[in-house]
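Let's take a friendly walk through this model, one site at a time. Please have the sequence and the 3D view open as you read.

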Amino acid sequence: MSSAAFDSMWADLDPVGRVGGGGYRRFAWTREDLTLREWFAQEATRRGLDLVEDRVGNQWAWWWDGPGSVDDAVATGRQGVVIGSHLDSVPDGGAFDGPLGVVSSFAAIDELRASGIVPKVPIAVTNFVDEEGARFGIACAGSRVLTGQLPADRALALTDADGRTYADALRNAGRDPDSFGPDAEALARVGCYVELHVEQGRALVDLGEPVAVASDIWPHGRWRFDFPGEANHAGTTRLEDRRDAMLGYAELVLAARAGATRRGCVATVGKVRVTPGGVNAIPSHVTGWLDARGADETQVRALVEDLTTQMGEHSAAATEESWTPTTRFDGDLSHRLRLVLQARGGSDAQLSVPVLGTGAGHDAGILATAGYPTAMLFVRNPTGISHSPAEHAEVDDCHEGVHALAACVADLTTQPASTTQPGSTTQPEKDPA
Ligand code: GLV
Ligand code: MN
Ligand code: MN
């Protein structure tokens with residue numbers, strides 16, 4: 001039943017924001033995003049879940065049949081088990097990054113209800129707004145503002161490619177920027193957060209397993225580099241008279257690649273803005289955005305430092321737009337979920353459930369940094385590709401993800417004692433690989 005529900009929800013989302021080439025453009029607070037938010041609200045209503053929008057615009061669909069309200073439950077120490085992900089995408093992104101977690105969460109609720117489970121704590125499905133930062137530049141903006149890791153005034157002043165501010169986008173979507181900000185009330189309901197996500201690499205394909213538990217997220221950040229120049233005619237300006245902003249940018253791209261290789265990191269310059277942007281005009285200004293990540297925080301920092309100081313005449317100041325330190329998911333929670341998933345094989349045939357680290361950022365990482373017990377499940381991606389239309393998960397693996405998530409939530413909500421204390425400091429289990 002949950003599989004049919006999954007398939008039907010997946011089919012509903014398929015056309016929303018789809019562009020030529022099969023990818024998706026689902027950017028925060030655009031028409032496509034509002035369609036997705038409406039879809040979320042309808043799925044919540046259809047199930048009789050209580051839909052709440054926090055001060056940032058993150059959506060929460062609460063299931064609680066116990067005595068009193070969700071807040072009554074919270075007041076007596078029964079914080080909720082929260083599952084979900086995000087619905088926005090990168091430019092020309094795949095269908096799975098984000099939506100797989102949200103759709104699987106609704107389907108898991110269906111599965112739990114069909115099995116007759118009576119949760120002892122409330123359960124919520126979330127849709128975190130603006131996870132990818134594709135429009136305004138800062139990833140996980142919804143969870144960062146919610147938890148106070150991104151100041152509201154800074155977020156509201158961010159601009160998109162058309163110069164429209166985040167505040168304008170909110171107004172345009174019928175929200176009031178004055179009430180935008182951290183939301184202690186929404187957070188007080190969270191006992192733990194479990195995000196299911198498509199795997200963004202090939203580990204599960206190579207291991208031959210459909211589902212993994214996450215261990216940690218690499219430290220990562222985004223920096224903006226500005227290169228000034230002077231506009232002039234492409235045909236009449238002698239080479240020695242030019243101040244071509246593009247040359248500094250070109251050097252940045254090559255130096256980032258070389259530095260990342262040297263320091264054991266990864267670095268990407270995936271977005272560039274050229275002014276004035278004419279084929280026959282020398283660029284007067286180029287802005288390039290660097291995304292740098294790696295297992296070792298010191299090396300990532302040093303790479304960016306190298307790029308600002310060692311590029312000779314083309315050195316440029318880097319503006320840090322976001323930084324996320326090494327994130328370790330809650331060790332006790334992750335271990336518990338792994339045991340639940342292993343036990344699904346029955347007493348004689350424990351399932352093998354890999355533990356994987358990742359270089360990708362997630363709202364789960366932001367909640368973990370804020371001190372909430374947080375874990376992630378990954379679902380096999382046969383292409384290993386993500387942030388591209390080639391991102392994929394087979395339908396059987398998607399269904400398996402739903403069953404795995406439902407099993408985890410069943411365990412957490414029927415024996416909730418050890419999962420509902422934000423601020424756990426336990427260490428994660430180690431990746432056995
Ligand atoms: C989000 O997917 C990121 O890792 O940037
Ligand atoms: Mn992503
Ligand atoms: Mn994602």
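How do the residues of the shell around ligand 1 divide into nonpolar, polar and charged? They divide into one nonpolar, two polar and two charged. Here Ala, Val, Leu, Ile, Met, Phe, Trp, Tyr, Cys and Pro count as nonpolar, Asp, Glu, Lys and Arg as charged, and the others, Gly among them, as polar.

A word on the ground rules. This is a predicted model, in which local features need pLDDT of at least 70 and side-chain atom pairs count only at pLDDT 80 or more, while totals for chains, interfaces and linings use all residues. Residues are numbered from 1 along each chain as its sequence is written, chains are lettered from A and ligands numbered from 1 in the order in which they are written, and side-chain values use heavy atoms, with hydrogens and water left out.

**Ligand 1**

The residues around ligand 1 are Glu-132, Arg-293, Ala-360, Gly-361 and His-387, each with a heavy atom within 4 Å of it. Three of these residues make the polar contacts (pairs of N or O atoms within 3.5 Å) in the table.

| Residue | Part of the residue | Distance to an oxygen atom of ligand 1 |
|---|---|---|
| Arg-293 | side chain (N or O atom) | 2.8 Å |
| Gly-361 | backbone (polar atom) | 2.7 Å |
| His-387 | side chain (polar atom) | 3.1 Å |

Taken alone, ligand 1 exposes 190 Å², and the protein buries 94% of that; these areas come from the Shrake-Rupley method with a 1.4 Å probe.

**The manganese ions**

His-86 (NE2), Asp-97 (OD) and His-197 (NE2) coordinate the manganese ion (ligand 3) at 2.0 to 2.2 Å. Donors are N, O and S atoms within 2.8 Å of the metal (3.2 Å for Na, K and Ca), and sites may look incomplete because water is not among the atoms. In sequence, the donor residues follow the spacing H-x10-D-x99-H. Distant parts of the chain are linked here: His-86 belongs to strand β3 (residues 80-86) and His-197 to strand β5 (residues 190-198), 111 residues apart. Strands are DSSP runs (E, at least two residues), numbered from the N terminus. Both His-86 and His-197 are buried, meaning under 20% relative accessible area with a 1.4 Å probe, protein chains only. Asp-97 also coordinates the manganese ion (ligand 2), which lies 3.7 Å from ligand 3.

**Thr-374**

Thr-374, in strand β13 (residues 374-379), is buried, with a relative accessible area of 0%. Its side chain reaches the backbone oxygen of Tyr-372 at 2.7 Å.

How values were computed. Helix = DSSP H or I, 4+ residues; strand = E, 2+ residues; numbered from the N terminus. Buried < 20%, exposed > 50% of the residue type's maximum accessible area, 1.4 Å probe, protein only. Polar contact = N/O pair within 3.5 Å; in protein donor to acceptor, adjacent residues only side chain to side chain.
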